[in-house]
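Look over the structure below, then work through the questions that follow.

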Amino acid sequence: MIHIENLTYTYPRAPRPALDHISLDIPQGQFCAVIGANGAGKTTLCYALTGFIPNFYRGKLEGRVQVAGRDVLTTPLSELAGEIGLVFDNPFNQITGARFSVREEVAFGLENLGVPREEMLARVEEVLARTGLAELAERSPFTLSGGQQQRLAIASVLVMRPQVLVLDEPTSQLDPVGTKEVFSVLRDLAATRETTIVLTEHKLEWVAVFADRVIALAEGRIVADGPPHQVLAAPDLERYGIGQTRYTQAARHAQARGLAAPDKPLPVTLEQAVAFFTSLMSVAEGDVMR
Amino acid sequence: MSSYAAFSLYVARESGLHRLHPLTKLALTGFCLFASLVLPGAWATYAAFGVILLPLAAWGQVLPLLLRAAWRTVLPFALSLFLIQGFFWTGGTPVLALGPLSLKREGVLFAIQSTGRILLIVSSFLLLSLSTRPDALMIALSQRGVPTGIAYIILATIQIVPRFQAKAATILDAQRSRGLETEGHLRQRFRALLPLIKPLVLGSIVDIEERAIALEARAFSRRGPKTSLLVLVDSPAQAAVRWLLLLAALALLAARLFRAI
Amino acid sequence: MTRMTQADRIRSDFTTLTWVMIPVAIAINIAVGQLIYALKVPLYLDSIGTVLVGVLAGPWAGALTGLLANLIWGLSGLNVTYAPFAAVAAVIGLLAGLFGEAGWLRTWWKVILAGIITGLVAATISAPISAYVFGGVTGAGTDALVAIFRGIGLGILPASFAQGVSSDPLDKTITYLVVWLIVRALPGRFLDRFPRAENVR
């Protein structure tokens with residue numbers, strides 16, 4: 001579904017490339033998370049996947065990017081819009097302002113695509129239900145909370161039925177409630193396996209639970225690529241400014257204190273952490289009982 | 001419907017006027033505008049106001065709103081007109097003396113005529129705004145060939161303006177609490193301008209980039225036929241009325257040109 | 001390499017960024033205009049956004065901004081009397097684009113000159129509209145000026161023009177200076193995004 005070959009991109013007037021010889025293949029239906037420190041190139045990668053680089057930002061670009069069978073670098077943005085969706089971090093800036101109600105706002109993209117009205121009505125209702133916005137359908141988008149507005153942004157893009165959905169730190173400006181709302185929508189979407197999802201995130205606990213695959217970026221290069229339990233527990237990513245989940249950190253503390261074997265696989269989710277510490281406790285009990 | 005927290009006069013009513021197609025109301029406004037500039041004499045515009053606009057406003061259940069808004073807008077002009085053109089009309093026939101100044105008959109007639117003109121123009125705009133949903137008007141225009149970008153501009157503007165006004169008020173408060181002088185000497189008030197304007201403008205300009213990206217993600221720049229979720233109701237009768245208004249305007253123009261009126 | 005036709009030039013001026021900028025510019029017009037009113041400063045300063053669009057996105061975008069700003073101001077009910085002056089606002093935006101093309105926004109004294117010229121043109125076009133539609137008065141504090149001019153014997157149209165000439169050039173000069181300061185404060189990589197970025201580099 002996504003095929004990137006040797007992508008190198010430098011912003012206009014920038015001293016170094018933002019993306020440096022990136023090669024990447026993402027199969028259809030995968031939920032792929034991209035992590036990395038600020039400035040590592042996560043947002044740039046999102047723009048490259050959705051065609052805003054180079055069509056919007058210009059700059060120097062080498063390599064190939066193919067998404068959903070299209071050469072992103074040479075296809076005009078208006079053609080990509082229906083195939084590849086983009087949601088970014090600021091919920092307010094994604095409200096077009098051209099429509100007065102949530103329902104009409106969601107339909108805006110379909111109107112631009114020339115979808116017949118009957119079909120529009122059905123698709124809009126379906127997406128409103130999937131994103132939990134059905135009760136808010138008549139409200140003005142400007143009166144919604146941050147989490148609701150971000151779900152509206154996702155709905156407005158999902159309704160266009162893109163094959164790939166790219167989300168650039170969608171929860172960074174949201175409170176915990178809003179974050180949960182957004183991830184709940186993404187979880188349901190991922191379960192259908194209909195859409196390939198690429199998500200950049202700092203909230204690693206969420207990434208650990210939902211992502212099929214985690215890619216770590218540092219200074220424009222890929223430094224790790226694998227399933228969450230492998231990448232998020234890797235010991236050497238700290239030097240790239242990439243943190244670890246609290247569960248991993250707690251487990252490493254236990255290791256440092258000699259309470260756990262150094263080669264024991266580290267947990268990245270709550271479930272795994274419970275299993276990890278429970279097994280430590282039974283070893284301890286075993287010691288005591290002896 | 002509370003969806004209209006927007007920079008617009010529209011008020012929702014269950015009225016026949018509201019249910020009319022937006023272009024019909026636009027045609028009426030255009031006719032009144034034209035008539036206000038072409039009708040001769042001092043009193044014809046008042047007649048048009050009373051005979052055309054007032055009954056329609058009543059039908060639309062917006063009569064009190066219309067009168068209040070019209071009064072508020074026209075009054076300053078009327079006052080200025082009577083005072084300035086009334087007293088300072090060059091070489092006119094005096095009818096009333098007030099100290100060194102005298103009210104001239106021609107000036108008063110002119111003031112009456114101008115006030116009538118302003119009244120008709122302002123009221124026809126008000127009637128249109130009060131009874132027409134902005135997005136319905138934009139759809140109607142887009143269907144007749146007006147580029148959708150223009151519809152976007154108008155609708156986005158009227159929703160963004162209230163947010164901007166709130167932002168401006170916040171910046172004003174914040175700067176005041178930091179000691180910015182906004183009262184007193186003209187120079188002080190003038191100096192207060194830049195620290196108020198700069199954050200407002202710079203802050204909003206940076207957002208523009210992201211908003212453009214969001215629009216692109218909705219296929220905004222796609223060329224080709226677009227569809228509409230909202231449906232407008234038109235009728236042959238309304239189309240006929242629109243043609244009649246056009247003919248009436250032309251007839252008025254012809255009558256004026258040939259000095260028949 | 002073929003020269004761009006006028007139609008091509010217009011199309012390349014109206015990028016999505018331009019379409020997004022215009023509502024923001026109109027909102028700036030309105031918000032600043034109201035701020036001025038609240039501070040009781042005797043200026044209008046209601047064209048900052050229009051001039052900004054003209055400079056950054058070309059004369060046609062500027063003209064469209066001015067036109068729609070006045071129509072929206074009129075239809076919103078806040079100041080219905082702005083609507084008949086839509087043509088004046090369009091010309092202000094057009095001129096801003098032309099001055100931008102000529103590179104006048106790069107030096108401070110040319111900025112001032114552009115403001116003065118724009119003010120004079122605006123006064124010239126406004127006068128007949130004011131005279132015919134509004135009977136030569138403005139309905140605001142500037143009517144004191146109109147009274148003076150009428151008092152010394154000027155006709156309706158000349159008095160309107162005289163009032164315009166005494167307030168518009170100053171108003172537009174300050175407008176242009178504010179736009180100049182804003183453009184200088186914007187980061188270079190951001191300015192490059194606009195269709196006519198070369199006007200201000």
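This is a predicted model: local features need pLDDT of at least 70, side-chain atom pairs count only at pLDDT 80 or more; totals for chains, interfaces and linings use all residues.

Q: What is the accessible surface of chain C, and how much of it belongs to carbon and sulfur atoms?
A: The accessible surface of chain C is about 7300 Å². The part belonging to carbon and sulfur atoms is 69%.

Q: How many helices and strands does chain C have?
A: Read from the N terminus, the elements of chain C run α-α-α-α-α-α-α-α-α. The count for chain C is nine helices and zero strands.

Q: What is the radius of gyration of chain C, and how does it compare with the globule rule?
A: For 201 residues the globule rule gives 17 Å. Chain C comes close to that, so it is as compact as a globular protein of that length. Its radius of gyration is 17 Å.

Q: What box do the C-alpha atoms of chain C fill?
A: The box is taken along the principal axes. For the C-alpha atoms of chain C, its dimensions are roughly 60 × 35 × 35 Å.

Q: In chain C, what share of the contacts with a separation of 6 or more comes from residues 24 or more positions apart?
A: Contact means heavy atoms within 4.5 Å. Take the contacts in chain C with a separation of 6 or more. Residues 24 or more positions apart account for 69%.

Q: How far apart are the centres of the positive and negative side chains of chain C?
A: Chain C carries 13 positive and 9 negative side chains.

Q: How far apart are the C-alpha centres of the two domains of chain B?
A: Domain 1 of chain B covers 21-132. Domain 2 of chain B covers 145-217. Their C-alpha centres are separated by 34 Å.

Q: Which helix of chain A holds Pro54(A)?
A: Pro54(A) is joined to Ile53(A) by a cis peptide bond, with omega about 5 degrees. Pro54(A) belongs to residues 52-55, which form helix H2.

Q: Is Asn6(A) buried, partly exposed or exposed?
A: Asn6(A) lies in strand E1 (residues 2-10) of chain A. Its phi is positive, about 55 degrees, although Asn6(A) is not a glycine. With a relative accessible area of 41%, Asn6(A) is partly exposed.

Q: Is Ala68(A) buried or exposed?
A: Ala68(A) sits in the loop between strand E4 (60-67) and strand E5 (70-71) of chain A. Ala68(A) is not a glycine, yet has a positive phi of about 50 degrees. The relative accessible area of Ala68(A) is 17%, so the residue is buried.

Technical notes. Residues are numbered from 1 along each chain as its sequence is written. Chains are lettered from A and ligands numbered from 1 in the order in which they are written. Side-chain values use heavy atoms; hydrogens and water are left out. Helices (H or I, at least four residues) and strands (E, at least two) are DSSP runs, numbered from the N terminus. The radius of gyration is taken over C-alpha atoms; the globule rule is 2.2 Å times the number of residues to the power 0.38. Accessible areas come from the Shrake-Rupley method with a 1.4 Å probe; for residues, only the protein chains shown count as cover. Lys and Arg count as positive and Asp and Glu as negative; His and the chain ends are not counted. The place of a charge is taken as NZ of Lys, CZ of Arg, CG of Asp or CD of Glu. Domain bounds come from an automatic or database domain assignment. Buried means under 20% relative accessible area, exposed over 50%, partly exposed in between (1.4 Å probe, protein chains only).
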